[in-house]
Amino acid sequence: MPARTDPDDAAFRTSLATALGVTRVARVTGLDRTGVEVACAVRPGGHVLQVCNGKGLTFEDAARGALLETAELWAAETVRPERLRWGTREELERTGDPVWGVESLGSAGQVAVPRLAGPAVRLAWCEARDARGDRPVWVPAQGVFCPPSGTVELGPVSVGWTTNGSGAHPDSERALLHALLEATERDQLSRALPEGWTEAGVVKRMVRPESLRDGAPRTAALCEALHARGFRVHLFDVTPAPRGHGGRGAVGLPVAAAVLVDAEEGPVPLTAGYACALERDEALLKALLEAAQSRLTDIHGAREDVEAADRDAALGFAQALAEVRPRHLAQAMPEVDSRSTRTVAARVRTVLTRLERAGFARVAALALDAPLPGLHVWKVVVPGMRVSELL
């Protein structure tokens, strides 16, 4: 009998954890009082991170998210040499296939050392596919993989690698959609708040709580539950405004930010979360869930990539937020007509179309190796995209 690949199935999660080297999926929800379920997947042999978190309205959602995030990192760390092709950009261009240089990585990493990224520098390359036409595209492997030292070499280190634009799921289209939305979120956030949280940005973009009941009912329900537990919730529409024709700008998908404030001014006074989706309620809800997860990330202290926040600055920001009278309606956030996105494949096509209209004419996707049959892991490369410093 073939192995089940339903991410909500406990047997599948157990098989995936074993394949990843995850020794424990811990439920850390009870360390905080938000009521949002948070799980930690512990992988002692991990290279990038040893702990990955997941969140949700149920523990099953949280555990699944933690394991799928771990799978994204496993895939980035696992490089089969036969997937690589060595050469200079000039040499690869002679083959006739499109070649995107290091400067084109965009969503997948920024050039850190320009002199090590020129067209005459020998690098490791990997073959991706044009997400619209399925043509082969060669991209620098440094924007895709992050192998442990002493395993596979990728060439002179010239790129600041990032997990951005990754997605994992038993359904290939869902994995690709996750990767595309993550890359879009971080780019659009950098355009909406290019200088971070400013007074003008807060005042302009804070959502009126009373508009959530009709504009985002699932988010409204979670806000009420959090308020009852001693938290203040501030939500924001951080969808960038259209910039006209001829330049990259708004993709037209709802992008949300959530700031969760502890009214009791406890050890973690304030956290934030961000999300992009096709529906406004989904974006707002995911941003709020991420803000709750961020609290537990700080509280349980097992993530080695998280630094302690400036408490005085956080309390000052919380006070400033409390003094704002929000005017923005949740209904003003863009939303994709659900009638045109009834399948996951249709949702992927919608995102790709909107990216192209916004000026992101090139999108490449690379199917990475997965730790388990039936699991799909994608990495997307979108030249011209930015990665917000708020994340």
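## Burial of strand S12

A residue is called buried when its relative accessible area is under 20%. By that cut-off, six of the seven residues of S12 are buried in this predicted model, so the strand is largely enclosed by the rest of the structure. S12 covers residues 270–276. Cys276 belongs to the buried class, at 5% relative accessibility.

## The three-stranded sheet

S12 is part of an open sheet of three strands, ordered S10-S11-S12 and paired antiparallel. Strand S10 (231–237) and strand S12 (270–276) form the edges; each has a single partner strand, so one side of each is left without a neighbour in the sheet. On average, neighbouring strands of the sheet are turned by 20° against each other, direction ignored.

Strand S11 spans residues 255–262 and pairs with S10 in the antiparallel sense over seven bridges. Within this pairing, Phe236 has Ala257 of S11 as its bridge partner. Helix H8 (residues 280–300) packs on the sheet and touches S10, S11 and S12. The direction of H8 makes about 140° with that of S12.

S11 is also joined to S12 by seven bridges, and these two strands run antiparallel. Here Val259 has Ala272 of S12 as its bridge partner. In a regular strand, side chains alternate between the two faces of the sheet.

## Salt bridges

Side chains of opposite charge can pair when their charged atoms come close. The structure holds 25 salt bridges. One of them joins the side chains of Asp369 and Arg83, at 3.2 Å from N to O. Asp369 lies in the loop between strand S13 (364–368) and strand S14 (376–381), while Arg83 lies in the loop between helix H2 (59–77) and strand S4 (84–87), so the pair ties together parts that are 286 residues apart in sequence. Asp369 is buried, with a relative accessible area of 16%. Asp369 and Arg83 also belong to a network of salt bridges that includes Arg80 and Glu82.

A salt bridge at 2.9 Å, N to O, connects the side chains of Arg347 and Glu279. This pair links distant parts of the chain: Arg347 is in helix H10 (residues 344–357), and Glu279 is in the loop between S12 and H8, 68 residues apart. Both Arg347 and Glu279 are buried. The side chains of Asp337 and Arg339 meet in a salt bridge at 2.7 Å, N to O. Asp337 is partly exposed, at 35% relative accessibility, and Arg339 is exposed, at 61%.

## Cysteines

Cys52 is buried, at 1% relative accessibility.

The sulfur of Cys276 has its closest cysteine sulfur in Cys223, at 19 Å, and this too is too far for a bond.

Notes
Residues are numbered from 1 along each chain as its sequence is written. This is a predicted model: local features need pLDDT of at least 70, side-chain atom pairs count only at pLDDT 80 or more; totals for chains, interfaces and linings use all residues. Side-chain values use heavy atoms; hydrogens and water are left out. Two strands pair if DSSP finds at least two bridges between them. Helices (H or I, at least four residues) and strands (E, at least two) are DSSP runs, numbered from the N terminus. Axes are lines fitted to C-alpha atoms, for helices over the stretch in contact, and angles run from 0 to 180 degrees between N-to-C directions. Contact means heavy atoms within 4.5 Å. A salt bridge is a side-chain nitrogen of Lys or Arg within 4 Å of a carboxyl oxygen of Asp or Glu. Buried means under 20% relative accessible area, exposed over 50%, partly exposed in between (1.4 Å probe, protein chains only). A disulfide is a pair of cysteine sulfur atoms within 2.5 Å.
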